[in-house]
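User: Hi! I have a structure open and would like to walk through it with you. Can we take it piece by piece?

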Amino acid sequence: MAKKKQFVTAAAAFAVAASAVAPAITADAASTTVQLSSDYVRGGDLDAALDKEYKGSEIYWYKSSVDMNKLGVFQTAKGFVKGQGIRVEKKLRVLNHAQDIQPEEIVLEEGVPASGLRIQPVLFADGVKYNKVVTYKGFSTEKAGEFEGTFTYSNKAFGVVTKTVKYKVVASKVELSEVKSEVMDDVLSVTADVKNLKDGEKVELVVYANRDMNAALPAVQAEVKDGKLSVKSGKLPAGNHSFILRSGEVKTDVMNFVVEAPMVKDVKAINGKDHVVEFNKSVDKITAENKANYEISVNNGAALAAADYTVAVDEKDPTKVKITLADGSALSNGAYVSVKVKKAILDTNLKPLADDFTKTFTFVDNSAATIEKVEVDGSNLKVTFNDYVSAVGLVKVNGVVVDSADLSALSPYSKELVITGGATGLANGTYSVQIANVKDIANVNSGGVASPNLTTFTSGNFTISNVTVAPTVSKVEKVDENTFKITFNKAVTAPTVTTKKNGLSLDTTVNATGDAKVWNVDVADNGGVLLYNTGETSVNLALNISGFKAVSDNVVGDAVNQSVTLSKDTAGPVVETRFNEIVDVDATGTVDEVFNIKFNEVIQNPVQGNIILTDKDGIRRTVTSATIVADANGANTILQVKSTAIQTAGAINAGTYTLSLGAGTVEDLAGNDLSSTVVSFTKSTGTTTDFAVTATAAANVITLPFGTPMTNSAIDLSNYKLDNKALPAGTIAYFDGSKQQVKIELPAGTIARSQDAVLTVSSSVVSEAGAKLDTASRNQVISGLIDNVKPTLVSAKKLTSTTVEVTFSENLAAVVDAANTQDDFVVKVNGVNFAVTAVADGTANDNKVVLTVADYNVDQTLTVAMADATINIADIATNTVEAKTVVTATK
C-alpha cells in the first residue's frame, strides 16, 4: 500500500459540541435502552471512550459493535448494565490511530553498531503505513545469529504501539579499497583502505612470482591502523610479477607490477667536466666508485686514464654517479664522447647490472657561466658560478674595481672565485658584485684557439650585518677505540681539548685532518689513569673544547662541554664474500692463479696451517702459501691463498673449491681472531669476461666459433635475428663438434637475395662461465647468404596467334632454346596441348621469355604451366623455377 502523509482535522479531533459530550438519557424509566452521550475514540483506546458504569452499576460493552478501522462516521457501541436488565448505547466516532509496527527484514552486521532503526513503517487505522520515529531496545550486534528486539511507537494523538520483531546479525565481510603500490629497491609496498576488519582477522599480501598464479610467495601480514593498511614484501627478483590482498575469502583483483633489473638509464654531460650516470636503482658505493667499471674515450681516442677523472656516488641521491673530468681532459664543443658503464657495478642489493651500457654523443655547450651566489666569509667574498670558469675580466664590489691580485680561484678551472678583503670596511647593508667577460671552459682543450662561452656581464648580491657568527661544534664522533673527531660548522684553528674519565685527565693529542672543519683527537693513558681498565671494553669521556677561532675572521668560539663514548674493537674480521675472486698474480705472460679472500678490515698474522682446501670431490689439497696483500685502496684486507696442487701451467683447474679457515687464521689490528668460516670458489671452463666472435656464412649456414663452452642459450633461435627479424620458420641451430661452436642452418625458400645481412645476437647468449659477447659481436654483417627462393611463374600474355610471353617472379639466368627448356612448359588451348617449339630469351637476365607454339585462336583460353618433371630454367642463383604452377594468358 502506498505511504502518504497523515492528516487529522483539528475540529473533528478536539472540538466536540457541548450537547454531544454532556451525558444524556433519552429513555424514560420504563424504557429498556439507555442512550449515553456520544464521544470520540482517540489514539485507538476504545476503553477510554466507553463509560465504565451506569448509576453505580458496571456496564458490559459489546466491543465488536465498533469497527476500529471505520473512520469519519459515528458508530453505535452497544452494551448492558449488569444485573439491571438495562441496555445501553453510545455513539462513537473513531479517530485515526496507530495499530501496528511493520518493519522490513532487519539484518545487522556483526561488530557494527546497530543503525537505521529509529524510523520504521507504522500501520494506521486508515490502512496507510507512515514512516514514524520509534524507540527500540534489545538490538545487539555482539555476535552473529537470530534474535528478538522491540520497537515502540508513542504519540498522544495516535496512541502507543509496541512490536517484538526478529532480526539477524550476520558476519560482516572485510572491504579492501583504494589499493596502491610502488616498487623501490626491489621491495613492493602496498597501501589500501580497510573496513569491517574485526579482532583476530588479518589482511595478507600475496605475491605471485613471474605472474604465475601457481607460484605464490609466502604471504606477508599487513599492518592495519585506523582503517589504513600498509605492507611490504621481501626482496623480489627482477621480472614481471603480480599480487593480491586477501582477508579470509575476501580477495582484491590481481594487480601487476614490475621489478626492474639494475640498469643505467642515461649518461648526461652537465658541462665540460661534469657527467652524471643515472641508474634506475641506488647503487653500491664500492663498485660504483671503482674507476675500472667505466671507460671514457673522446674523439675515438684511447680510454682516459684513471687519473683523468674522479667518480663519486651522489650522497643525496645514490641512483646517480658523478664523473668529473680533470682540467686537462675537459671537453670541447663538438667532441665525440663515448662512456661505457660496466655490468660489474652492483645495486645496493648486490645485484649486477643486466648488461654493459654504452652511450656515445657529441658534446655541445652553448651556455655561458653566471653568478649563482655570493657569500661573506669573514672579510672575504666567495663568488660561486653555475659553471666552471677559466677566466674573468673586470671585477667590481659595490662599483669599486677589485685589484686582480685580490682574486683567487680554487683551481685553474673552478666554480668558485674568492675576492680577498672584498667585505672589508663595508657597513651593514646589501651590496653587489659585478663581473665582466666571464669565460667558461668550453673549448679550452680544443687544440686551437680557445673559444669559450662568454658572459659579458653578471652580478650577484650579498649582505653585511654586524651580527658576528662565532664557530660552533657541530658534532663529536668516535673514530676508533682511542680516537674521536670534532666537526665544526666552519673552518677553525686547532682547538684545545681536555679529556677526562671519571673526573681524571687522560693524555690528549689534537691532530689536523686536511679539513679545518674536522679535527681528530687521540686519547691515551695518563700515568695511572688508564683509558680502559682491565675488563673494560667501553668508556664514556667528558670533553672540554675551547680556544678555537674561525679561520676567516678570527671570531673566537665559545668553550663547550661534550661527551663521547669510545669502545674497544672486540669483533674479529669478517669475510666479504662478494669481493672474493680468483686472480692471476703473475704480471708476465705466464699464469699464476690464486684465491683472493677479502675481509672487512685490515688483517695481519696469517696462519697457513689453519687453512684446509678441498676440491669438488672432497679431496684435500695442499695449501702452498697464505699471505696478506693490499686491496685497490692500499689496505691489507686480502688473504691470498695459493695451491700448486690444483694448478695446471699456473691456472687453477676448473671446478669448485672449498677453503675452511679455522679460528685465528688471521686477526685484525686489535688482535681479534677470525672465527671459523668457510668460503667457496668456482673456476669455470672458458673465459669469464666478455669476448668476441666473428660469425661467417656459407651456403646459408651461419657459423659462430665461440671458442669457449656455451650454455644452451647459444642454440636458442629466439636469441638471434637476421636484419632485425626473427629467424625464418624451419631454421635449426646446433652445437657443431663441441659446445664451443654453433651452426645455424636457414631453410630453403627463405633468402630472397644473395647479399650481406646483419646478424644480431642477444645478450642472453652466455658461456658456461657466465661471459657474454662483447658489444661489437652482437651486431655484425655477415656475407655468404645465397638466394634460395625458387622463381615462380606469375603471368602470361598472348603476343600473336603463335607466341606467348611468360613472366616470372624474378630475373632468370640465360635461357637456351633447347628441347629440355621447351619441355619445361605445358601450353594448352581450350584444354588441348600445344607443343612448345621454341623458347626465346629476348633480353638476357630479365624475368621474361617468349614461347612459340602452333597457330591458335587468340580468343580461346590459353594456359601455361610449369612441367611436373625436372625443371631446367633457373634464376641467376641457379634456383630452378617452381614446378606445377599454372597461369591463364591474357591478350
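Analyst: Happy to; we'll go through cores, sheets, a cavity and a few single residues. Keep in mind that this is a predicted model.

User: Great. Which residues have the most contacts inside the largest nonpolar core?

Analyst: Those are Val806, Phe808, Phe825, Val849, Leu851 and Val864, in a core of 26 residues. Strands E65 (793-798), E66 (803-808), E67 (825-829), E70 (848-852) and E71 (862-866) each give two or more residues to this core.

User: And what is leucine 851 in contact with, leaving aside its neighbours within four places in sequence?

Analyst: Quite a list: Thr802, Thr803, Val804, Val806, Phe825, Val827, Val836, Ala838, Val839 and Val864.

User: How many residues are in the second, separate core?

Analyst: That one has 25 residues, including Ala695, Ala697, Val742 and Leu746.

User: Let's do sheets. In what order do the four strands of the open sheet with E67 and E71 come?

Analyst: The order is E68-E67-E71-E72, with antiparallel pairing. On average, neighbouring strands here are turned by 30 degrees against each other, direction ignored.

User: Why is one side of E68 and of E72 left without a neighbour in the sheet?

Analyst: Strand E68 (832-834) and strand E72 (886-888) stand at the edges and have a single partner strand each, so one side of each has no neighbour in the sheet.

User: How many bridges are there between E67 and E71?

Analyst: Five bridges, in the antiparallel sense. For example, valine 826 has alanine 865 in E71 as its bridge partner.

User: What about the loop between E71 and E72, which residue lies there?

Analyst: Lysine 884 is one of the residues in that loop. Its phi is positive, about 65 degrees, although lysine 884 is not a glycine.

User: Is lysine 884 buried or exposed?

Analyst: Exposed: lysine 884 has a relative accessible area of 58%, and the cut-off for exposed is over 50%.

User: Where does asparagine 437 lie?

Analyst: Asparagine 437 is in strand E35 (residues 429-440). Here too phi is positive, near 55 degrees, in a residue other than glycine. With 38% relative accessibility, asparagine 437 counts as partly exposed.

User: And threonine 614, buried or exposed?

Analyst: Threonine 614 is buried, at 17% relative accessible area. You'll find threonine 614 in strand E48 (residues 611-614). Not counting residues up to four places away in sequence, threonine 614 touches Ile619, Arg620, Thr656, Tyr657 and Thr658.

User: Change of topic: how many cavities of 30 Å³ or more does a search of the whole structure find?

Analyst: The search finds one. The largest cavity holds about 30 Å³ of space.

User: Which residues line the largest cavity?

Analyst: Its lining is made up of Pro262, Met263, Phe279, Asn280, Lys281, Val283, Leu346, Asp347 and Leu353.

User: Last one: which residue takes a positive phi in the hairpin of E61 and E62?

Analyst: Glycine 737 does, with phi near 85 degrees, in a hairpin that has five residues between the strands. Strand E61 (residues 732-735) and strand E62 (residues 741-745) run antiparallel and are joined by four bridges. Alanine 733 stands opposite isoleucine 744 in E62.

Definitions and conventions:
Residues are numbered from 1 along each chain as its sequence is written. This is a predicted model: local features need pLDDT of at least 70, side-chain atom pairs count only at pLDDT 80 or more; totals for chains, interfaces and linings use all residues. Side-chain values use heavy atoms; hydrogens and water are left out. A nonpolar core is a set of buried Ala, Val, Leu, Ile, Met, Phe, Trp, Tyr and Cys residues joined through side-chain atoms within 4.5 Å. Buried means under 20% relative accessible area, exposed over 50%, partly exposed in between (1.4 Å probe, protein chains only). Contact means heavy atoms within 4.5 Å. Two strands pair if DSSP finds at least two bridges between them. Axes are lines fitted to C-alpha atoms, for helices over the stretch in contact, and angles run from 0 to 180 degrees between N-to-C directions. On a 1 Å grid over the protein atoms alone, a cavity is a set of points where a 1.4 Å probe fits but cannot get out, and a pocket is an open set with protein on both sides within 12 Å along at least five of seven lines; lining residues have an atom within 4 Å of a point. Grid points are joined across faces, edges and corners, and a volume is the space filled by probe spheres set on the points.
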